[in-house]
Amino acid sequence: MAALAEADYVVELESLSVRYDNTHALRSVSDVVAPGEWLGVIGANGAGKSTLLRALAHLVPYEGVVRIDGANAKPLSRRHFARLVAFVPQKPELPQQMRAIDYVALGRTPHLGYFGVDGEHDRVRCASLLERLGLGAKAERTLATLSGGELQRLVLARALAQEAPVLLLDEPTSALDLGRRVEALELVDELRHERGLTVISALHDLTLAAQFASRLLLLHEGSVVATGGPAEVLDETALGHYFGARVQVLRSSDGELVVIPRRKSERKP
Amino acid sequence: MKAVRSSLGIVAMVLGSMLFPIAGTAGAAPGGAGFPVTVKAANGSVTIAKRPTAIVSLSATATEMLYAIGAGSQVKAVDKYSNYPKGTPMTSLDGYSVNAEAIAKYHPDLIVVAYDPPALAAQLAKLKIPVIYDPAAANLAVAYHQYLGLGAATGHLLGAQREVAHLRTVVTSIVKATPRPPAGTTYYYELDPTYYSVTSGTFMGQLLGLLGLHSIADKAGVNSNGGYPQLTAEFILQANPTYIFLADHGCCKATPATVAARPGWSALSAVANHRIVTLSDDIASRWGPRIVILLQEVANELKRQQG
Amino acid sequence: MTAVRSTAPDAVAAPAPVSAKRPVLIAVVVLIAVALLATAIGPADLSLTTVLQVLASHLPWWHPHGTVTPIDQAIVWEIRLPRVVLGGLVGSMLAAGGASYQGVFRNPLADPYLLGVAAGAGLGATVAIISSSRSMYLLPAAAFVGGALAVTLTYLVGSRATTHSSGSSIVLAGVAIAAVFTALQTNLQQQHAADLQPVYSWILGSLSTASWSDVGLIAPYVLISAVVLLAHRRLLDVLRVGEEEAAALGVHPQRVRLAVVAAATLGTAAAVSVSGLIGFVGIIVPHVVRLTTNASYRVVLPVSMISGASFLILADLGARMLDAPAEVPLGVVTAFIGGPFFIFVLRSRRSHQGVL
């Protein structure tokens, strides 16, 4: 795995399409995600954000090509692929009786043989991940006893245990309250820099997307309608059109973009 | 196989005999063939309007009894287990799962059953056909009563009385001619290869008791599982019975050789001394006229061992 | 990209890994105690000295003088001991099978009979008895074939039902297949009512005719099944996060499920073929183990396997002794010991968190 740490993991999408029955959930999406970049995928409900993430994770069949570090991902074995790409679903399944340390250790699966059992080396690695994410004291606790924020970090820890250079996050913060959301995204950003991860995430909250993603990709009915830096993509007219809502984009005093939804009707006196 | 059926029957019979202590007593003039006649069976008083000419027997034992008392020519259909005597009008009827309509097809004027599935009697009653329910007999006396009842119901009371007298004589003479085995002579009676057995309280147990034999199964309680307990193998070995009677040759191919080959069984004295008797399943599971054959076989074995 | 591997591990002490050692050790000690007890006690009441003498006489370097009668010798060595050993093998398979099925289908009520093993084996046994006079000898093989056939059908039907084969469609298929097989079996039984006492007592489940040859008959299957299931213990933990996440972790959930179901069915069908249908073991043992130890399959699977053996040996001791010298049906005993004990364990634990 030494090669892994040194390589630049560019993720290329070439005419990616996904069909559910006869309807296109994703239409010919192409993009190049640079190594170390954080791509925020935005769009209204049903625009295809999750589908794009799940196709990238090879959890739904797709047409087109996904290249990881220049290599076509389709022929890779699942195990091999899981060493390159870690996926965190929107609503992870959390076995209540499992201990935190055991849950994180599941992330070691792609590094073990079919009948393999994690050794001391894997254990130490998982333990230090828990420490890093501030869960060191909770290692032996069962998932049932952890808070929402702790669980979110735990899921992240499991994904990091895969030691994959590409991290896919499907709405990583949807279950968290405001404070925890920012905290979680800060953490992802820290880890991205720390480990040189390429992050692709679907994000619901446009303001947070603007603050954390290095680049945004706006989807509408399965197609890419805009991509670029937050300032380019977060255009009031375009957002109003694609989200079917009135929005106002402001720039805060420290230069961050803030997207504010507005009511459509005039306030009656 | 037979254990379950017999034990069900026994339970029913115990109930039946408590309610109708004089089962099978003819209501008509003794020896006469006058109809209508009322007989008592396990299902109560049954009135037969005229001499039946289309009897359906769903009981292998009753079939044997009917032929033995001379009513064979009146039997129109028998169930698929009524394989004796030769030439019975066998059908695919099954005495253990029948429906009234399948029986009605034969337009019977008398039906004899040994097993009374729920609601069958009630359904047959709607057809206005008299049903005699003669379940497995608990002892010889009950079996004799069943003969007399069938005799009265079919107009062959005299034949029935003769048959009963004959059986009594034969049984007595066999018992008299057989030397009493030493006290403590025991047997293990095998109903099936999973060691279901009979106690001395059952019909078969009482019959063998006439010859001075006792069942090892009595230790489980004479009424354990209705007299048909399943014994543990290690108990059979420790009890070390004098004789082994196999009533599971027909169903399950048990033979003295297969018994001797069972792990550990070669240590039994019955195996070492060749005291294993293979009985006919059919005879052993019925309480009809052929019980004397079985009794004679066992008596011969006792004589052989002591003479 | 630097440092996916750069996490500095030395600073952190790893928490104790999931250790199966202690629970397994305890389970083994219990098993040995139970096995000794069950060998020492029986309806033939032999003294402990006699039993020990017989056991000792089979040690290769021991040649005691013949103070034990051949019958006592046979009782201990040919009747009682094989029964204990067979009970252990059957119990371990039923319990391990139950734990595995619950794992792959993520259904706490899944047990070895769920996919039609019982119904198929019952039909096989019935057909054997009706069609052959040598039925008693063919019964185990026929039961085995019937059980395996039913599960295969269940799998084919269940995986056709939906393109993305989910656990629940296979479970539903199992229910349907079991219903069809049971109907066929009941129908045959009706038609041949008088011949079917052996089927009847087989269905009740019993170890009454256990012998070393039965032990030899199922030992290979039990061994294969146990090895394969134990080898999957970590993957069963991976499946606990669901199909999709397991797939994202590099696992093929369907393949794992197929392998586990095949192994569990092989072991269960083999066990059932000699013991008949003994219910309850496959549900109660894994759940008690889960509730009393850590819920990881790395612990649950081996400990269930060992405790299943103890449980059935103990239940069979009851079957032999409660109404001695008559037998009590083993299924009755397992339900009688198991039911209240299970309720006790459920109530004494806070079980609101779910058991899987």
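Helices (H or I, at least four residues) and strands (E, at least two) are DSSP runs, numbered from the N terminus. Keep that in mind as you click through this predicted model, where local features need pLDDT of at least 70, side-chain atom pairs count only at pLDDT 80 or more, and totals for chains, interfaces and linings use all residues. Residues are numbered from 1 along each chain as its sequence is written, and chains are lettered from A and ligands numbered from 1 in the order in which they are written.

**Stop 1: chain C as a whole.** Select chain C and colour by secondary structure: you get 14 helices and 0 strands. From the N terminus on, the elements read α-α-α-α-α-α-α-α-α-α-α-α-α-α. Of its 356 residues, 57% count as buried (20 or more other C-beta atoms within 10 Å of a residue's own, with C-beta atoms placed from the backbone).

**Stop 2: H3 and H8 of chain C.** Now pick residues 70-105 (H3) and 212-231 (H8) of chain C; their axes come within 10 Å and cross at roughly 30°. Axes are lines fitted to C-alpha atoms, for helices over the stretch in contact, and angles run from 0 to 180 degrees between N-to-C directions. H3(C) and H8(C) are therefore roughly parallel, the word for angles under 35 degrees. Show side chains where they meet (C-beta atoms, placed from the backbone, within 7 Å): among them are C:Leu86, C:Leu89 and C:Met93 in H3(C), and C:Ile218 and C:Val222 in H8(C).

**Stop 3: H12 and H13 of chain C.** Move on to residues 281-292 (H12) and 297-321 (H13) of chain C, which pack at about 125° with their axes 9 Å apart.

Stop 4: Switch to chain A and find an open sheet of 6 strands, ordered E6-E7-E8-E3-E9-E10 with mixed pairing; two strands pair if DSSP finds at least two bridges between them. E6 (85-88) and E10 (223-228) sit at the edges with a single partner strand each, so one side of each has no neighbour in the sheet. Zoom in on E3 (38-43) and E9 (215-220) of chain A, which run parallel and are joined by 5 bridges. A:Ile42 stands opposite A:Leu218 in E9(A). Last, select residues 49-56 of chain A: this is H2, lying across E3, E7, E8 and E9 of chain A.

How values were computed
Contact = placed C-beta atoms within 7 Å. Buried ≥ 20, exposed ≤ 12 C-beta atoms within 10 Å, placed from the backbone. Parallel < 35°, antiparallel > 145°, perpendicular 65-115°, else oblique.
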